Amino acid sequence: MRTQRQIVDYSLQKRALLRDLHNGKIGTLEVCDASPYLKNAARFHGEPTEDRCPVCRRDNLTLVHYIYGDELKQSAGQARKLTELPVLAMTLREFQVFVVEVCQSCSWNHLIEQFLLGRDALTADELDQGVAAAVASASGRHRETGSSSHRWEGGE
Ligand SMILES: [Zn+2]
């Protein structure tokens, strides 16, 4: 995504945790503790991956994107579909995204990445093009709901 910045990668922490798990320093129950909320978020808003769960190897991992920021108001802390993020990035100045991987079989979960999104990162020209592109893709993708197109075409 164009406005992605201040990326923090947690793969080292994840690798260390998995190493401790395989060495028996920590138990499976300590790391496979996804809450029902997180598993629901994975089911309804998650992004499927081709990566096998590193713990049980039964299921592929799902990525859940949580969004945080003052501008989000009551939406702060909610999980969003990956396809919704570019639209939010063009309408909000700045918000934080936390990416959590979840296994829906064994409940393994780990924060893998965090970053900032938002139009504060764009120049004026990019902003114009970006908004047009985001609106076009949003109206295409949300055709089934019909709700978002009204909001965008209002010209407010
Ligand atoms: Zn698993």
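Analyst: Happy to. Along the sequence, the residues that donate to the zinc ion follow the spacing C-x2-C-x46-C-x2-C. Cys56 sits in the loop between β2 (47-52) and β3 (60-68), while Cys103 belongs to strand β5 (residues 95-103), so this pair ties together parts that are 47 residues apart in sequence. Helices (H or I, at least four residues) and strands (E, at least two) are DSSP runs, numbered from the N terminus.

A word on the basis of all this: the model is predicted, so local features need pLDDT of at least 70 and side-chain atom pairs count only at pLDDT 80 or more, whereas totals for chains, interfaces and linings use all residues. Residues are numbered from 1 along each chain as its sequence is written, and side-chain values use heavy atoms, with hydrogens and water left out.

Now the site itself. The SG atoms of Cys53, Cys56, Cys103 and Cys106 are the protein donors, lying 2.3 Å from the zinc ion. Donors here are N, O and S atoms within 2.8 Å of the metal (3.2 Å for Na, K and Ca), and since water is not among the atoms, sites may look incomplete. The four donor atoms subtend angles of 106 to 113 degrees around the zinc ion, which makes the arrangement tetrahedral; for four donors, that label requires all angles to lie between 85 and 135 degrees. For four tetrahedral donors the ideal angle at a metal is 109.5 degrees.

Cys103 counts as buried because its relative accessibility is 0%. Buried means under 20% relative accessible area, exposed over 50%, and partly exposed in between (1.4 Å probe, protein chains only).

The largest nonpolar core has 13 residues, of which Ile67, Leu85, Leu88, Phe95, Val97, Val99 and Leu117 touch the most other members. Two or more residues come from each of β3, α4 (85-91), β5 and β6 (109-117). A nonpolar core is a set of buried Ala, Val, Leu, Ile, Met, Phe, Trp, Tyr and Cys residues joined through side-chain atoms within 4.5 Å.

Finally, the whole structure holds five salt bridges, each a side-chain nitrogen of Lys or Arg within 4 Å of a carboxyl oxygen of Asp or Glu. One of them pairs Glu94 with Arg5, with the closest N and O atoms 3.4 Å apart. Glu94 is in the loop between α4 and β5 and Arg5 in strand β1 (residues 5-9), so the bridge ties together parts that are 89 residues apart in sequence. Another joins Arg93 to Asp120 at 3.1 Å between the closest N and O atoms.

How values were computed:
Four donors count as tetrahedral if all angles lie between 85 and 135 degrees; four count as square planar and six as octahedral if opposite donors are over 155 degrees apart and all others between 65 and 115; anything else is irregular.
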